[in-house]
Amino acid sequence: MRLSQSFGKTLREDPADADTNSHRLLVKAGFINQLFAGVYSYLPLALKSLKKIENIIREEMDLAGAQEILLPTLQPEDIWQKSGRLDAFGDTLFRLKDRRDRDLVLGPTHEEVVSQLVTGHIRSYRDLPVNLYQIQTKLRDEARPRAGLIRVREFAMKDAYSFHADQNDLDKTYDRMVRAYRSIFARCGLNVRAVEADSGAIGGKDSQEFILLADTGEDEIVLCDSCDYAANMEKAESNIDNIIDDSKDGLKEIETPGVKTIDALSKKFGVSKSKILKSVAYIVEGTMVLVMIRGDLDVNETKLSNYLGAQDLRIASDVELKERGLVPGFMSPVGLDGVRIVADPSIDAQTDLIVGANKEDYHYTGARHKVDFLIEELVDLNRVQQGDKCIKCGGSLKIERGIEVGHVFKLGTKFSDTFGATFLDSDGIEKSMIMGCYGIGVGRILGAIVESNHDEKGIVFPKTISPAQIIIVALNNDDITVRDAANQLYETLVERGIETILDDRDESPGVKFADADLIGIPVRATVSARSLRNGNTVEMKKRTDANNESINISLDDVKTIIETII
Ligand SMILES: [Zn+2]
């Protein structure tokens, strides 16, 4: 690639709208161009890197025994109706009509299509397992596209779907795919953590996310500092010490004018927040649900919506509370009727609690679960906090941010049941296939690579993903001997199969060096009048070398030049 002729220009200034380093650098280095919010054109340099990521994914998928197929983007809406995911995806789904007024969607994922596909092709347990994958464009109408390639509305994704006769067989393939994923990320130069995850709108039970730890990531990850426990915040659990004491003062109504918050109550009574009952009222798909948790803990809304099987959940307004006879700031489970209550097991403490009296300016002290009130629905709703105890080893948990770059699920028979994806087992009995699914965002990997591999000058590509292996910078391009020597080296390297960029533009040395650093090619070779005078050499330098140390190699010694690159 000759930069003088290549399409796509580097920018001198940072793009104004960039909200992360990868977004800023990919735009500035001329890799991507935004058409409109969350939709990008990929220019030649980006496409070279994306193809490399795709090739690594293909190699690892093929090694894991998956077969490549290609499924359609355009899908009939009725299969989404059938799977019940029309609502689960909601506004994220791009919907349209064809000329016959048929409702269609643009595929955000392909469980429905692939389940329908295998239904017609698999008859017997002998046909199983199958593991199918594709690298295909997904469309999702994200509410908040951001961070360049990290959250976009149109993107290439590798998605794989496996079908099995029994759980054991799914487990084997799942483990094999996890190994393949680890290998893919390692080859892409990404240091990724596998964490327990919530399966969200995709459905299913066991699932793991692959997370690149990064301060700019939108996912919160909970990690143990003494064992390998790692989970997405949406799923993470911690060990909560139960508080047990012998105080049995009995229920007493106390006047608490204007004292409405856990903090204020804790101050007024001089007790720790853990001795206060926290009540949060939600409107869940139109119905009120009161959630109770110990005062020092917070509600994890993902756990709550999963437990309730609800898509739509929000905090109730004071007006809605009053309509149902609840007093904001003084809500209470004591004597409450007609409102569903769900509580975290932390409230099941053998201790007196301070709770609202459901009366303006009054609280109860001495309230005990199963004595003064009874909540039957107890389920883990606790949102893990920094320093909580690990559920596995008791060690200390920390919270970090990260970017999700891959996700694997054990789906079970949810889709197979819906689409009649059945097979005859060895006894001739018809059973539903057990399914797994496995996703990786190709563009997001590129974004994540830049997010974790850059310095103040620009991108620092790992060799495996770099658009080229070497960039030749011809200084003083108007000097014919320099131009010829640089050209000669470029042609020699290209002939030897080395991916090479030649900066043959009429730009100053400063601009050329800055651009070489910005684009992030692993090795820079500078040909100048000085290097030619200095024994007819080229000056070679690694992008990763912060000290700018270079070595001079004779232009005749092509073997050493290539060894230095590789
Ligand atoms: Zn631990």
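Residues are numbered from 1 along each chain as its sequence is written. Because the model is predicted, local features need pLDDT of at least 70 and side-chain atom pairs count only at pLDDT 80 or more, while totals for chains, interfaces and linings use all residues.

The domain assignment of the protein gives domain 1 (21-206 + 410-450), domain 2 (252-382) and domain 3 (468-565), the bounds coming from an automatic or database domain assignment. Taken over C-alpha atoms, the centres of domain 1 and domain 3 are separated by 41 Å.

Helices (H or I, at least four residues) and strands (E, at least two) are DSSP runs, numbered from the N terminus. An open sheet is built from three strands in the order E4-E6-E5, with antiparallel pairing, where two strands pair if DSSP finds at least two bridges between them. Strand E4 (74-76) and strand E5 (94-97) are the edge strands, each pairing on one side only, and neighbouring strands of this sheet are turned by 40° against each other on average, direction ignored. Three bridges join E4 to strand E6 (residues 103-106), and Leu106 in E6 is the bridge partner of Leu74.

Helix H2 (residues 44-63) packs against helix H11 (residues 442-452) and also against helix H6 (residues 167-187). In the table, axes are lines fitted to C-alpha atoms, for helices over the stretch in contact, and angles run from 0 to 180 degrees between N-to-C directions.

| Helix pair | Axis distance | Angle |
|---|---|---|
| H2 and H11 | 9 Å | about 110° |
| H2 and H6 | within 9 Å | roughly 155° |

The angle of about 110° between H2 and H11 makes H2 roughly perpendicular to H11, whereas the angle of roughly 155° with H6 makes H2 roughly antiparallel to H6; angles under 35 degrees count as roughly parallel, over 145 as roughly antiparallel, 65 to 115 as roughly perpendicular and the rest as oblique.

Towards H11, the contact is made by Ala46, Ser49, Leu50, Ile53 and Glu54 of H2 with Val442, Gly443, Ile445 and Leu446 of H11, contact meaning that the C-beta atoms of two residues, placed from the backbone, lie within 7 Å. By class, this contact of H2 with H11 has six nonpolar, two polar and one charged residues.

Towards H6, Ile56, Ile57, Glu60, Met61 and Leu63 in H2 meet Ala180, Ser183, Ile184 and Arg187 in H6. The contact of H2 with H6 has six nonpolar, one polar and two charged residues, where Ala, Val, Leu, Ile, Met, Phe, Trp, Tyr, Cys and Pro count as nonpolar, Asp, Glu, Lys and Arg as charged, and the others, Gly among them, as polar.
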